[in-house]
Amino acid sequence: MKLNPKEYAHMVSRASPPSPAVRDCLWAFFVGGGICLVGEGLRQFFLYWYDASLAGTLTSIGLILLSAIFTTLGWYQKLAAKAGAGTLVPITGFANSVVSPAIEFKAEGWVTGVGAKIFGIAGPVIAYGTAASALWGLLYWLQGKVG
Amino acid sequence: MNYLWAFVVGGLICVVGQLLIDYTSLSPARILTGYVVGGVILSAAGLYKPLVDLAGAGASVPLLGFGHLLAQGVRQAVDQCGLPGIFTGGLTAASGGIAASLLFALLAALVGKSRDQN
């Protein structure tokens, strides 16, 4: 049987299982959406007592606490293996990136182990986030002076 | 409706991250850093506030929302005290999340045991 590359590619695509990318995206959508849903529940709860700004902060702190507990129990990593960006992109993923090395590097000591390694991902996130916001602040200030 | 939008918008923001994982070789650290800087840019352009108003936690919980928080904090601080605000506004607004992450990490290190990643 002679096949040109196009026919062969077609046969391969028919024989292979549905793209892992589609499955990954469904996992990311439902788990990521679910984490945000829990966050919205917390936010509505805190809105009974506090203004929107403080309720938002408390929502983040609540999710970070949940993420820290799940990470300590080893559950967050198991979920992350399936959910990919669904567990990475929410603030719980940021918390996981801080808590996980804290536990992992205890053997290397409290200062150069735990204290330093918790910033492995949080460090660049905070550094470049702060730099970007300061740059925007400078532009905003200049705009106010000129305009 | 709040809850539906939170779920859908939060889910879609995560799908974008998943596409970055599947189709580029970006590491998680780069994706998170990119999301925060992207959040600052979207917020500065005035595009992120409407999304937060619509989707609540769906927009504020993903790390884009962390960038939005930094940008909004700097903007408010510049309104209040001028140029020094570019230094104080961002981290002041984000302090709750950062402090909570660090404190809970230290507590977790006290009680947690290292285990296989499987």
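Which residues of the largest nonpolar core touch the most other members? I took this question into a predicted model.

**Entry 1: the core.** I looked up the largest nonpolar core and found 76 residues in it. Those that touch the most other members are Ala28(A), Val99(A) and Ala102(A), together with Leu32(B), Leu63(B) and Ala105(B). I then asked which element gives the most to this core, and it is α2(A), with 10 residues.

**Entry 2: Leu32(B).** I followed one of these residues, Leu32(B), and set aside its neighbours within four places in sequence. Leu32(B) is in contact with Leu88(A), Phe94(A), Ile121(A) and Val125(A), and also with Leu63(B).

**Entry 3: the contact of the chains.** I looked up the contact between the chains, to which chain A gives 60 residues and chain B gives 64. On the side of chain A, at least two residues each come from α2 (20–47), α3 (52–73), α5 (85–88), α6 (91–104) and α8 (119–146). The largest share is that of α8(A), with 16 residues. By class, I noted 38 nonpolar, 17 polar and 5 charged residues on this side of chain A.

**Entry 4: α6 against α6.** Among the residues making the contact are Val99(A) and Ala102(A) of α6(A) and Ala105(B) of α6(B), which I had already listed in the core. Phe94(A) also takes part in this helix contact, and it is one of the residues in contact with Leu32(B). The contact of the two helices has 13 nonpolar, 2 polar and no charged residues.

Note on methods: Residues are numbered from 1 along each chain as its sequence is written. Chains are lettered from A and ligands numbered from 1 in the order in which they are written. This is a predicted model: local features need pLDDT of at least 70, side-chain atom pairs count only at pLDDT 80 or more; totals for chains, interfaces and linings use all residues. Two residues are in contact if their C-beta atoms, placed from the backbone, lie within 7 Å. Helices (H or I, at least four residues) and strands (E, at least two) are DSSP runs, numbered from the N terminus. Ala, Val, Leu, Ile, Met, Phe, Trp, Tyr, Cys and Pro count as nonpolar, Asp, Glu, Lys and Arg as charged, and the others, Gly among them, as polar. A nonpolar core is a set of buried Ala, Val, Leu, Ile, Met, Phe, Trp, Tyr and Cys residues joined through C-beta atoms within 7 Å. A residue is buried if 20 or more other C-beta atoms lie within 10 Å of its own, exposed if 12 or fewer, and partly exposed in between; C-beta atoms are placed from the backbone.
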